[in-house]
Amino acid sequence: PTMTLVTPVGTSVHPETPWPDLVPLDHYEQPPFPVEALGPVLADWCKATAWSIQVPVDLCAMLVLPVLAAAAARKWEAVIRPGWKEPLNLYCLTAMPPGSRKSAAFTAATRVVYEAQVELRDATVKDRMREVAIYEIAEKKFEAAKAAKAAARNSTQQAEADNQFERTLKEFSAMAKPPAEPYLVGDDVTPEKLAAILSEQHDRFAIFSAEGGMLQTLAGAKY
């Protein structure tokens with residue numbers, strides 16, 4: 001349709017001059033994703049997965065990047081220049097229309113992290129159970145010494161109970177808490193739960209979600 005310019009009084013533009021063609025907001029030129037920058041192995045994976053699932057290679061690449069960040073965070077840093085370091089964690093958001101096979105690509109990209117989590121739990125379960133048992137035994141000894149100290153009826157019992165209490169207190173307070181079960185990745189967690197997980201997992205945790213629920217959680221719209 002022809003649109004007419006409304007011009008201020010005193011300007012030289014003719015009032016009947018039509019507007020130029022409008023540029024649609026949803027159509028624009030964009031460069032191709034530089035998938036080769038990921039290196040030959042990951043670039044080949046992105047291309048093969050995109051072809052297999054029939055999704056844009058951009059989607060696969062944008063899913064690979066946070067997986068790499070999950071593996072590298074807290075292990076390496078990017079040194080921009082002396083005195084300037086940046087962590088390798090990433091915040092990635094990829095939006096596509098419904099029915100575009102996002103979930104299939106998401107599962108293909110993140111499967112390796114979930115598999116690593118299972119393997120790590122299986123490999124450490126015996127050691128973790130042993131450390132938990134040792135810690136609980138020491139805790140029970142401390143509780144027994146505390147009860148004996150409170151129940152002492154004379155000076156002799158009090159002296160013995162005090163000595164036992166101090167020994168068990170020193171031993172128990174020197175013990176580190178047993179390690180938590182490895183928790184590398186999750187989907188939908190509250191900010192409060194996330195803080196607890198980060199504390200247990202030495203500030204390393206990845207949140208992968210095929211939906212936008214996590215954004216609602218962080219915005220406070222869900223809880």
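**Stop one: along helix H3**

Start by selecting Glu143, which is partly exposed at 37% relative accessibility (partly exposed sits between buried, under 20% relative accessible area, and exposed, over 50%, with a 1.4 Å probe and protein chains only). Before you go on, note that this is a predicted model, where local features need pLDDT of at least 70 and side-chain atom pairs count only at pLDDT 80 or more, while totals for chains, interfaces and linings use all residues. Residues are numbered from 1 along each chain as its sequence is written, and side-chain values use heavy atoms, with hydrogens and water left out.

Glu143 and Lys146 form a salt bridge, with 3.4 Å between the closest N and O atoms (the rule: a side-chain nitrogen of Lys or Arg within 4 Å of a carboxyl oxygen of Asp or Glu). Both residues are in helix H3, 3 residues apart, so about one helical turn separates them (helices are DSSP runs of H or I with at least four residues, strands are E runs of at least two, and both are numbered from the N terminus). Lys146 is partly exposed too, with a relative accessible area of 37%.

Next, pick Glu181 and Arg121. Their side chains meet in a salt bridge, 3.9 Å from N to O. Glu181 is in the loop between helix H4 (155-174) and strand E3 (185-186), while Arg121 belongs to helix H3 (residues 102-151), so this pair ties together parts 60 residues apart in sequence. Glu181 is partly exposed at 43%, and Arg121 is partly exposed at 22%.

**Stop three: a buried glutamine**

Stay on helix H3 and select Gln117. Is Gln117 buried or exposed? It's buried, with a relative accessible area of 7%. Which residues does Gln117 contact, leaving aside neighbours within four places in sequence? Show Pro182, Tyr183, Leu184 and Val185: Gln117 is in contact with each of them (contact means heavy atoms within 4.5 Å). Zoom in on Val185, whose backbone nitrogen is 3.1 Å from a polar atom of the Gln117 side chain.

**Last stop: an exposed pair**

Finish with Lys85 and Glu77. Their side chains make a salt bridge at 3.9 Å, N to O. Lys85 is exposed, at 52% relative accessible area, and Glu77 is exposed as well, at 52%.

Notes: Polar contact = N/O pair within 3.5 Å; in protein donor to acceptor, adjacent residues only side chain to side chain.
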